[in-house]
Amino acid sequence: MLVSENFRYEIPTTIEFGNGYVHTLPKHVEQLNSSKAIIIGDPGVLEAGIVGKVEAPLEKSDIEFLTFTDVGTEATIESVDSAYQLAKENNCDIVIGVGGGSSLDTAKSVGLLLGNGGDIRDYVGLDKVPGPGAPVIAIPTTAGTGSEITRFSVLSDKEAKAKLSVGSMYNCPTIALCDPELTTSLPPHITAATGMDALTHALESYVNKVTQPISEGLSIQSMKLVSKSLKLAVVQGENLDARHDMLLASTLAAMAFNSTRLGLAHALAIPLGAHFKIPHGVVNAILLPEVMQFNIRGNMDKFVEIARIFGENIDGLTKREAAERSVIAVRQLKEDVGITQTLSDFGVKEEHLGFIAEEAMQSGNVPVNPVKPTVEDFKNICRSVMAGE
């Protein structure tokens, strides 16, 4: 597959990356001419003391703020509405998101509403946001979602039992404040799942049909960092070098797919996550090797390169055999970091595959995938990662 000759790359977010950088937060709030902040997080980051680490420098600098931590494991329409009303009633003019994807997606949505009003449902889809929102500073505490720089927010609608996506460059945070020290308390299973999510972002962007030179370079560097440091970050959570690599890998992968979109793993992850409550990183990890196997014929040279990135010995192999080594490498990585579940472990059964496949076909990631899938292809991918298959 040839890289597109014509392409566009845009990222409106300023990235501030470094150990201890949370202490620079007041400077950024002041430079954005903001007077009162709302901090949005979740109970996990509150209990881990990370919210306190964000609040402390603001208190020291006499910057007014209030804190909202009623965000669940998924960003929801309800949490966005509650946080927005709190921010509006208290005249907050800047949003600080701290946590994983659910907290950051909630924060980004609140920022959009503070600038544009209305209901977040008004902006579901691509490029439906009419103008800039309030400034958002995104502080990630996991290394996987990349929400600190992306134009997408994924929100659960509990009533409709569906996941909705808001996609707009106006949805990109103003500043991504990336401090690897804030990720050292992440438990091994979440480190593993979010790390595999970052890999899926990088890999699906790298092989899809709208790949372009800038996103390719970002994806390659991200995959190299994951190959080098994910296992170490899982087994040595306090290893700051590994944590640094994984947070950087996540941000680079997000910079890649922000322009290119993703592929079939993510197309399936949305309905599987919505209907069966499978954590996003886990479902991507389960699906990724099988999606790679399906896609090899659509971009064989890229899969050969992925095998090289993961240190596979491909000397003397045919191109097809070398490409297959990439699947073996990623499957082994998934198992090495402790992700051994199947879809069946989450209650997925044969009778569910029809509506899962139909919903996956509606994803905007399908048209850019290197091989055009059918509904039956989606079913077969799911069958390959169910118990007994």
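The contact is made by L264, A265, H266, L268, A269 and L272 of α9 and by H280, V283, N284, L287, V291, F294 and N295 of α10. Contact means heavy atoms within 4.5 Å. By class, these residues divide into nine nonpolar, four polar and no charged. Nonpolar covers Ala, Val, Leu, Ile, Met, Phe, Trp, Tyr, Cys and Pro; charged covers Asp, Glu, Lys and Arg; the others, Gly among them, are polar.

This is a predicted model, in which local features need pLDDT of at least 70, side-chain atom pairs count only at pLDDT 80 or more, and totals for chains, interfaces and linings use all residues. Residues are numbered from 1 along each chain as its sequence is written, and side-chain values use heavy atoms, with hydrogens and water left out. Helices (H or I, at least four residues) and strands (E, at least two) are DSSP runs, numbered from the N terminus.

**Two helix pairs**

Two packed helices are described by the angle between their axes and the distance between the axes. Axes are lines fitted to C-alpha atoms, for helices over the stretch in contact, and angles run from 0 to 180 degrees between N-to-C directions.

Helix α9 (residues 264-276) packs on helix α10 (residues 280-295) at about 140°, with the axes 8 Å apart. That makes α9 oblique to α10 (under 35 degrees is roughly parallel, over 145 roughly antiparallel, 65 to 115 roughly perpendicular, and the rest oblique).

Helix α7 (residues 213-235) and helix α11 (residues 300-309) cross at roughly 35°, and their axes come within 9 Å. This crossing, of α7 and α11, is right-handed. On α7, the residues E216, I220, M223, K224 and S227 meet K302, I306 and I309 of α11. The contact of α7 with α11 has four nonpolar, one polar and three charged residues.

**Helix α3: one buried face**

Helix α3 spans residues 50-60, and I50, V51, V54, E55, P57 and L58 are buried there. Buried means under 20% relative accessible area, exposed over 50%, and partly exposed in between (1.4 Å probe, protein chains only).

Seen down the axis of α3, the buried residues fall within an arc of 165°, so they line one face of the helix. The arc is that of the directions from the helix axis to the C-beta atoms. An α-helix has 3.6 residues a turn, so residues three or four places apart point the same way.

What do the buried residues of α3 pack against? They pack against α1 (25-31), β2 (36-40), α2 (43-47), β3 (64-68), β4 (94-99) and β6 (136-140).

**Single residues**

| Residue | Relative accessibility | Class |
|---|---|---|
| D62 | 71% | exposed |
| T184 | 30% | partly exposed |
| R261 | 28% | partly exposed |
| T200 | 0% | buried |

D62 lies in the loop between α3 and β3. Its phi is positive, about 55°, although D62 is not a glycine. R261 sits in the loop between α8 (240-260) and α9. Phi of R261 is near 70°, a positive value in a residue other than glycine.

T184 is found in the loop between β9 (175-178) and α6 (188-207). Leaving aside neighbours within four places in sequence, T184 is in contact with G237, L240 and R243. The C-alpha atoms of T184 and T141 are 8.6 Å apart, and 43 residues separate them along the chain.

T200 is in helix α6. T200 touches L262, A265, H266, N284 and L288, not counting residues up to four places away in sequence.

How values were computed. Left-handed = near helix turned anticlockwise from the far one by under 90°.
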